[in-house]
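Trainee: I would like to learn how to read a fold from its contacts. Where do we begin?

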Amino acid sequence: MENVSFSLDRTLWVFLLAMLGSTAGQPLGGESVCTARPLARYSITFTGKWSQTAFPKQYPLFRPPAQWSSLLGAAHSSDYSMWRKNEYVSNGLRDFAERGEAWALMKEIEAAGEKLQSVHAVFSAPAVPSGTGQTSAELEVHPRHSLVSFVVRIVPSPDWFVGIDSLDLCEGGRWKEQVVLDLYPHDAGTDSGFTFSSPNFATIPQDTVTEITASSPSHPANSFYYPRLKSLPPIAKVTFVRLRQSPRAFAPPSLDLASRGNEIVDSLSETPLDCEVSLWSSWGLCGGPCGKLGAKSRTRYVRVQPANNGTPCPELEEEAECAPDNCV
């Protein structure tokens, strides 16, 4: 009987170990398991669509003009998160979103790769020197590290950025051939500035990551505040394409840029910008001859010039009859 009992115990342990071994490398929370071939390479192309036509309000033209920082990303597992909507950013991402400094964020990614084995590879792409342009890179993903995240800072801005959080390039037993996504501005929650050129104004206590929309933050001074729009047009786009050939043989599709360098013209998005005027000034003195009605006037000035068929400006001067203050 003792031999039989020992045999049963041993069989049970073997079964339990087999079960544990089969689940140890699986994602948590019922996430899908990638069973695609071991490795896949992708090209990533970031396209800025931040034009003065699409985003006419307070569009930065100098010191500095509208542009994009370098792109920084990672291929990782579900154990790692570079950033996430409605969650607090790390110190590294705060430095990147506010000042474009990547050193601390790189150290955080490296630490996650060493301690948790959650990061397979890091990738980056050069900065884009204008609001409309492209930059590209290549990356490698693995079945256990099939998620991709990246960030690009909006320059100039308080702490605004665009990016992707944990995009899965694997779908069951195959790698996706191509993924194209529109990108929208996000606030890192570390600076309370309303405009592109706002001075540093730390958010205390720190807030979570939020998406900036045409109506949020709901403040007329906000650079992305367009109350007539239901939603903002995409400010950028990202395209992932699976590479079949050797990395050395890869060549991005050629674009006819017509001697515009890296700039790309996007004529599809045209956001109307309504005229904004100041409050009326106080009425001026009432002038006129004695015994007759005189006239007084007040003025206002244009705060924001209309653009792209937005509402035109109203009259900037108004007159009214009055009894003269000091008749002559």
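Predicted model: local features only at pLDDT ≥ 70, side-chain atom pairs only at ≥ 80, totals over all residues.

Trainee: Among contacts between residues at least 6 apart in sequence, what share joins residues at least 24 apart?

Mentor: That share is 73% in this protein chain.

Trainee: How do I read a nonpolar core, and which residues have the most contacts inside the largest one?

Mentor: Start with the general idea. In soluble globular proteins, nonpolar side chains tend to be buried together. Here, the largest nonpolar core has 45 residues. Phe46, Trp68, Phe150, Leu169 and Phe240 have the most contacts inside it. The elements that give it two or more residues are β1, β2, β3, β4, β5, β6, β9 and β12. A second, separate core has 17 residues, including Leu72, Trp83, Val89 and Phe161.

Trainee: Now the rings. How many aromatic pairs does the structure hold?

Mentor: It holds nine. To read a pair, look at the distance between ring centres, then at the angle between planes. Take Trp50 and Trp68: their centres are 5.7 Å apart and their planes are at 70 degrees, so the pair is edge-to-face. Angles over 60 degrees get that label. Trp50 lies in the loop between β1 and β2, while Trp68 lies in strand β2, 18 residues apart. Both Trp50 and Trp68 are buried.

Trainee: Why is the pair of Trp160 and Phe224 called tilted?

Mentor: The planes of Trp160 and Phe224 are at 50 degrees, with centres 5.5 Å apart, so the pair is tilted. This pair links distant parts of the chain. Trp160 is in strand β6, and Phe224 is in the loop between β11 and β12, 64 residues apart. Trp160 counts as buried because its relative accessibility is 1%. Phe224 is buried too, with a relative accessible area of 0%.

Trainee: Which residues do ring pairs link into a cluster?

Mentor: Phe46, Trp50, Phe55, Tyr59, Trp68, Trp160, Phe196 and Phe224. The charged end of Lys296 sits over the ring of Trp283, 5.0 Å from its centre.

Trainee: Let me try one residue. Where is Phe123, and is Phe123 buried or exposed?

Mentor: Phe123 is in strand β3. With a relative accessible area of 5%, Phe123 is buried. Next, list the contacts, leaving aside neighbours within four places in sequence. Phe123 is in contact with Ile44, Leu71, Leu72, Gly73, Ala74, Ala75, Glu138, Leu139, Val148, Ser149 and Phe150. Leu139 is 16 residues from Phe123 along the chain, with 6.1 Å between their C-alpha atoms.

Trainee: And a helix? Which residues of α2 are buried?

Mentor: Helix α2 spans residues 91–99, and Gly92, Leu93, Asp95, Phe96, Ala97 and Glu98 are buried. Then ask what they face. These buried residues pack against β2, α3, β5 and β6.

Trainee: What happens just after α2?

Mentor: Check the backbone there. Gly100 takes a positive phi of about 75 degrees.

Key. Residues numbered from 1 in each chain as written. Heavy atoms only, no water. Buried < 20%, exposed > 50% of the residue type's maximum accessible area, 1.4 Å probe, protein only. Helix = DSSP H or I, 4+ residues; strand = E, 2+ residues; numbered from the N terminus. Contact = heavy atoms within 4.5 Å. Phe/Tyr/Trp six-rings, centres within 6.5 Å; stacked < 30°, edge-to-face > 60°. Lys NZ or Arg CZ within 6 Å of the ring centre and 35° of its normal. Core = buried A, V, L, I, M, F, W, Y, C linked by side-chain atoms within 4.5 Å.
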